[in-house]
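Student: Could we go through this structure together and test each label against its definition?
Tutor: Gladly, let's begin.

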Amino acid sequence: MSVVLDGSPASEGIAAGPVFLLEWGIPHVAHQSISDEGVEDEILRFDEARRWALERLQEIKEQTEARLGPVEARIFDPQLLMLEDVEVVDGTARYIRENRLSAARAFELRMLELRSMWSRTSHPMVLDRLNDLEDLMIRVLRRLLGMNDPSDLGALEEPVIVVAPNLTPSLMVQLDLDNVLGIATDHGTRTAHWAMLARSLNTPAAVGFGDASARATNGVPAILDGRIGRLVLDPQEVEQDRFEARRKQHSDWEEEIAIIAALESVTLDGQYVELRGNLDLPSEVEQAVAHGAVGVGLFRTEFLVVGRNSMPDEEEQYEAYRSAAEAFPAGGVYIRTFDLGGDKFPMFLNMPPEQNPFLGWRAIRVCLDEPALFRTQLRALLRATAHGDVRLMIPLVNDVEEVREVRSLLQEEAEGLRRDGIPFNAGYKLGVMIETPAAALDAAELARYSDFFSIGTNDLIQYTLAVDRTNTRLAKLYNPFHPAVVRQLHQVARVGRAAGIEVSVCGEMASHPLGAFLLMGLDITALSMAWPSLSEIKRLVRDVRMEDARTAARKALAAPTAQDVTRCLVEGIGDSVDLSVFSGRWSLSVPG
Ligand code: PEP
Ligand code: MG
């Protein structure tokens with residue numbers, strides 16, 4: 001009997017092959033005391049293991065840099081930093097000295113203490129750090145216990161689907177990736193660093209299966225669908241057939257992508273819809289270009305700070321922004337200032353734990369309170385405007401005061417650049433993200449200070465419906481088609497039009513087939529999305545009539561419930577688009 005497990009998608013692609021169970025757990029450490037005379041030797045042993053781990057990680061970092069580039073390689077910095085941290089180093093030595101514990105036991109206890117301190121939060125970014133911590137524990141403990149080096153994972157004998165409780169970035173890059181067809185884990189998030197690596201490496205992956213590693217056995221045949229987050233163990237004929245059909249669909253898609261990328265993004269009745277790419281990492285720029293993006297609608301800059309032990313300097317930022325600008329010489333590149341807090345915490349800011357981080361010190365609020373960090377970013381952004389159509393975008397704006405403050409900081413930084421004779425485009429554009437009901441309701445006022453609006457539907461939905469976007473239990477309530485959301489989108493589009501400024505959408509809703517159709521109908525014709533969705537949405541654009549989208553949107557605006565809104569959109573699209581190709585990732589359950 002086949003076992004079908006549902007998790008969450010983490011990296012596109014579909015694969016079939018035997019399971020390889022990766023057992024990478026914290027080894028058992030016996031409680032062992034040492035004699036007074038043995039203390040200094042034990043401290044030396046710990047120090048040797050720690051230095052060995054530092055060297056190993058440094059090597060892995062260098063390999064990653066050679067393979068994927070310097071930004072991706074930096075994901076090892078938190079681990080390297082932890083290995084030098086006095087809390088870890090002196091804490092372990094103290095336990096050896098004061099409690100006469102073996103190096104392994106002392107280190108284990110110290111790390112478990114740190115883990116329990118960190119576990120009190122549920123922020124995904126902190127959870128990702130826990131993952132780093134465990135990786136270190138395993139590495140150092142194995143060394144102290146004389147177990148083999150994890151890099152001895154060595155060459156796999158055949159192509160496999162790796163199933164593991166969780167992965168770490170260092171394990172990920174040590175895997176013999178030529179033989180890894182896909183990866184499925186019990187735990188982890190899409191934002192975990194190893195999942196980001198899987199995306200950069202084009203390895204299908206899915207997370208959050210709960211107990212996949214307990215249910216799978218080595219060698220059992222399996223199918224992994226990274227697009228919908230599904231793992232099938234021991235698939236029977238019907239699943240095999242389904243897999244073949246999906247694989248065929250997928251490879252047809254791959255072929256089609258290159259063709260679609262070159263086609264115009266125009267509706268059947270000749271209306272242009274601008275499709276742009278969202279970037280989480282600079283390396284995604286190539287994929288965005290290959291999938292036909294004409295610009296970058298959202299460049300998330302947090303990769304420059306999260307997990308780093310120091311602020312990124314101006315030069316590094318300038319280079320990153322500039323290369324995105326140069327990749328799109330003819331298109332706009334909308335770079336968002338740091339959106340920290342919420343679920344993204346840089347180590348160097350020492351952000352205090354908060355009761356409600358999504359309602360807390362987040363995004364523009366952090367930046368305005370941290371002038372050194374913010375001014376450096378603004379200066380780097382201004383310099384990048386000399387290399388293309390770089391536009392500056394502020395996240396989580398609530399009122400015009402915030403925009404005024406940013407403008408005045410920008411003026412001061414621009415003045416400084418002028419004084420230093422550094423080029424920038426004085427006609428740069430500054431826009432705001434509409435992500436809160438306050439901003440949507442106050443859009444007319446904000447429009448007076450903004451050159452454009454970009455609607456962040458991911459946040460707008462969570463703040464409108466009071467539904468935490470990261471809470472899987474509430475996923476059903478997180479509905480982009482709630483009438484309160486639809487009306488705000490309409491209001492912002494109308495205000496933007498009246499003020500003569502561009503309104504675009506860069507939240508996930510733009511990559512939802514019904515979402516894109518609704519947005520087009522509301523006259524929002526610039527949509528930005530992660531690169532895997534670009535071809536799908538372009539195909540949709542080319543298969544529908546703008547006139548039908550407008551009619552459907554008019555009906556949706558009068559609909560009393562989210563279900564009614566959805567029904568209006570499905571009816572409006574009619575037979576022109578095969579919605580089943582999307583249904584894997586989106587819940588398109590349509591009321592009868
Ligand atoms: C959004 O909120 O829709 C958005 C695009 O920003 P992020 O997902 O980075 O919060
Ligand atoms: Mg947002």
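Tutor: What follows takes the labels one at a time, each with its cut-off.

Student: How do you know which features may be discussed?
Tutor: The model is predicted, so local features need pLDDT of at least 70 and side-chain atom pairs count only at pLDDT 80 or more, while totals for chains, interfaces and linings use all residues. Residues are numbered from 1 along each chain as its sequence is written, chains are lettered from A and ligands numbered from 1 in the order in which they are written, and side-chain values use heavy atoms, without hydrogens and water.

Student: What makes Ser-535 buried or exposed?
Tutor: Buried means under 20% relative accessible area, exposed means over 50%, and partly exposed is in between (1.4 Å probe, protein chains only). Ser-535 has 2%, so Ser-535 is buried. This serine is found in helix α21 (residues 534–543); helices are DSSP runs of H or I with at least four residues, strands are runs of E with at least two, and both are numbered from the N terminus.

Student: Which residues does Ser-535 touch?
Tutor: Leaving aside residues up to four places away in sequence, Ser-535 touches Trp-253, Ile-257, Ile-260 and His-291. Contact here means heavy atoms within 4.5 Å.

Student: Why is Ala-498 called exposed?
Tutor: Its relative accessibility is 73%, and therefore Ala-498 counts as exposed. Ala-498 belongs to helix α19 (residues 483–499).

Student: How do you know that the span of α4 is close to the expected one?
Tutor: The expected span is 1.5 Å times one less than the number of residues. Helix α4 (residues 86–99) has 14 residues and reaches 18 Å from its first C-alpha to its last, close to the expected 20 Å. Its buried residues, Val-88, Val-89, Gly-91, Thr-92, Ala-93, Tyr-95 and Ile-96, pack against α1 (39–68), α3 (77–84) and α5 (103–118).

Student: What caps the N-terminal end of α4?
Tutor: Asp-85 does, with a side-chain oxygen 2.8 Å from the backbone nitrogen of Glu-87. A polar contact is a pair of N or O atoms within 3.5 Å; within protein, one must be able to donate a hydrogen and the other to accept it, and residues adjacent in sequence count only if both atoms are side-chain atoms.

Student: Which residues coordinate the magnesium ion (ligand 2)?
Tutor: Glu-435 (OE) and Asp-459 (OD) coordinate the magnesium ion, at 2.0 Å. Glu-435 is in the loop between β13 (429–434) and α16 (437–441), and Asp-459 is in helix α18 (residues 457–465), 24 residues apart. Donors are N, O and S atoms within 2.8 Å of the metal (3.2 Å for Na, K and Ca), and water is not among the atoms, so sites may look incomplete. Both Glu-435 and Asp-459 are buried.

Student: How far is an oxygen atom of ligand 1 from the side chain of Glu-435?
Tutor: An oxygen atom of ligand 1 is 2.8 Å from an N or O atom in the Glu-435 side chain, and for the side chain of Asp-459 the distance from an oxygen atom of ligand 1 is 3.0 Å.
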